[in-house]
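Colleague: Before I use this model, I would like to go through the terms and the values behind them.
Modeller: Here it is, for reference.

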Amino acid sequence: MTVADLDSRLGSAELTEWMAFEKITGPLGRRRNDIQAATIAATIANSSRGKGGKRFTPQDFLLPYGTERKGPQDLLAAIRGINRSMGGDEHV
């Protein structure tokens, strides 16, 4: 579905209702799935951290939205950054 398709099928009132619903319930769709996965990742990381180790939050595992991604190398760079922030070592 494109933005034009959505615009032709969804009126202003319905769009406003969906926006209000999302404000109450939280993000919908792919972003919601990312938050759920990040929550699980933070829980696992926290259960494995050493005494006095950094406490992780879901935000530590979320990739930024709204930024232009140039391709797979950008995603790999973000993953490597998360790995470094957790004290990980990359063995390639």
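**Terms and values**

Modeller: The chain has 4 helices and 0 strands, and along the sequence the pattern is α-α-α-α. Helices (H or I, at least four residues) and strands (E, at least two) are DSSP runs, numbered from the N terminus. This is a predicted model, in which local features need pLDDT of at least 70, side-chain atom pairs count only at pLDDT 80 or more, and totals for chains, interfaces and linings use all residues. Residues are numbered from 1 along each chain as its sequence is written, and side-chain values use heavy atoms, with hydrogens and water left out.

Colleague: Why is Phe21 called partly exposed?
Modeller: Buried means under 20% relative accessible area, exposed over 50%, and partly exposed in between (1.4 Å probe, protein chains only). Phe21 has 40% relative accessibility, so it counts as partly exposed. Phe21 lies in helix H2, residues 12–25.

Colleague: What makes Trp18, Phe21 and Leu28 a nonpolar patch?
Modeller: Patch residues have over 30% relative accessible area and no salt bridge; nonpolar side chains (Val, Leu, Ile, Met, Phe, Trp, Tyr) are joined within 5 Å, like charges within 9 Å. Trp18, Phe21 and Leu28 form such a patch on the surface, with about 300 Å² of accessible area together. Areas come from the Shrake-Rupley method with a 1.4 Å probe, and for residues only the protein chains shown count as cover.

Colleague: Why is the contact of Lys54 and Asp60 called a salt bridge?
Modeller: The term requires a side-chain nitrogen of Lys or Arg within 4 Å of a carboxyl oxygen of Asp or Glu. For Lys54 and Asp60 the N to O distance is 3.4 Å, so the pair qualifies. The whole structure has 1 salt bridge. Lys54 is partly exposed at 43%, and Asp60 is partly exposed at 23%.

Colleague: What makes the pair of Phe56 and Phe61 tilted?
Modeller: Rings of Phe, Tyr and Trp (its six-membered ring) pair if their centres lie within 6.5 Å; planes under 30 degrees apart are stacked, over 60 edge-to-face, and the rest tilted. The structure holds 1 aromatic pair. The ring centres of Phe56 and Phe61 are 5.8 Å apart and the planes are at 55°, so the pair is tilted. Both Phe56 and Phe61 are buried.
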